[in-house]
Amino acid sequence: RFQQVQSMMCDLMEWRSQLLSGTLPKDELKELKQKVTSKIDYGNKVLELDLIVRDEDGNILDPDKTSVISLFHAHEEATNKITERIKEEMSKDQPDYASYSRLSSSPTHSLYVFVRNFVCRIGEDAELFMSLYDPQKSTIISENYLVRWGSRGFPKEIDMLNNLKVVFTDLGNKDLSRDKIYLVCQIVRVGKMDLRDSNSKKYTQGLRRPFGVAGTAVS
């Protein structure tokens with residue numbers, strides 16, 4: 001039972017850090033809150049504590065403002081959900097070493113990136129968008145880190161020279177279990193439509209055009 005509760009606490013700590021990060025979209029935030037409340041209710045059942053009834057949003061029902069019949073139906077529904085959850089947990093046949101490996105690792109992880117230089121012959125200003133990418137699912141799993149690079153080979157904000165640093169936070173055990181994670185840099189050229197156009201009366205400034213992409217495996 002101790003190992004079971006310890007595993008649930010690790011999940012709750014990981015999800016709590018994601019909730020506090022403030023980076024989740026509204027739909028993912030709602031889904032994560034439901035997972036948290038479901039895990040708490042299941043843990044209370046395992047520890048033989050009182051059952052807490054909640055509404056659809058996971059908020060605790062106020063007995064002073066809720067009718068007896070509504071409370072009864074809420075208790076009945078919560079009991080059925082927890083019973084189904086217990087059956088699912090009992091049907092899982094996870095080896096002990098997997099649980100130990102999961103518990104011995106930190107609930108959350110971060111990736112530190114220090115941009116020292118950008119070498120690419122563009123001839124105009126550029127915007128660099130860096131993010132973490134899962135190639136198996138073909139999806140980006142982090143926010144973009146933006147670096148504005150000047151045409152002379154230096155950051156647009158010269159004060160940021162040798163200080164372009166970013167930390168990708170709230171990477172959970174689920175992210176570390178991915179087969180591969182790539183650090184991807186998308187390059188966007190900012191300037192005129194055609195680089196060969198030398199007549200200033202013909203071209204338009206400030207156009208954003210995709211220029212290139214680069215990537216490297218980080219796991």
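Let me open with a question: are Phe118 and Trp149 buried or exposed? Both Phe118 and Trp149 are buried. Before I go on, please keep in mind that what you see above is a predicted model.

If you search the whole structure for aromatic pairs, you find one. That pair is Phe118 with Trp149, in an edge-to-face arrangement, with 5.8 Å from centre to centre and 75° between the planes. Where do the partners sit? Phe118 is in the loop between strand E1 (108-115) and strand E2 (125-134), while Trp149 belongs to strand E4, so the pair ties together parts that are 31 residues apart in sequence.

Another ring to look at is that of Phe114. The charged end of Lys165 sits over this ring, 5.3 Å from its centre.

Now please find Ser151. This serine is in the loop that runs between strand E4 (145-149) and strand E5 (164-172). Its relative accessibility is 44%, so Ser151 counts as partly exposed. Which residues does Ser151 touch, leaving out those up to four places away in sequence? The answer is Gly123, Glu124 and Asp125. Take Glu124: along the chain it is 27 residues from Ser151, yet their C-alpha atoms are separated by 4.4 Å.

Let's move on to helix H2, which covers residues 26-46. H2 has 21 residues, and from its first C-alpha to its last it reaches 31 Å, close to the 30 Å expected at 1.5 Å a residue. Several of its residues are buried, including Leu32, Val36, Tyr42 and Val46. After H2 comes Glu48, and the phi of Glu48 is positive, near 60°.

H2 also brings us to my last stop, the largest pocket. Its volume is about 1100 Å³. The lining is made of 33 residues, and those closest to the pocket centre are Gln18, Leu24, Glu28, Asp170 and Asp175. Which elements give two or more residues to this lining? They are helix H1 (2-21), H2, E5 and helix H5 (173-176). The largest share comes from E5, with seven residues.

So that is our short tour.

Conventions
Residues numbered from 1 in each chain as written. Predicted model: local features only at pLDDT ≥ 70, side-chain atom pairs only at ≥ 80, totals over all residues. Heavy atoms only, no water. Helix = DSSP H or I, 4+ residues; strand = E, 2+ residues; numbered from the N terminus. Buried < 20%, exposed > 50% of the residue type's maximum accessible area, 1.4 Å probe, protein only. Contact = heavy atoms within 4.5 Å. Phe/Tyr/Trp six-rings, centres within 6.5 Å; stacked < 30°, edge-to-face > 60°. Lys NZ or Arg CZ within 6 Å of the ring centre and 35° of its normal. Expected span 1.5 Å × (residues − 1). 1 Å grid on protein atoms, 1.4 Å probe; cavity = no way out; pocket = protein on both sides within 12 Å on 5 of 7 lines; lining within 4 Å. Points joined across faces, edges and corners; volume = space filled by probe spheres on them.
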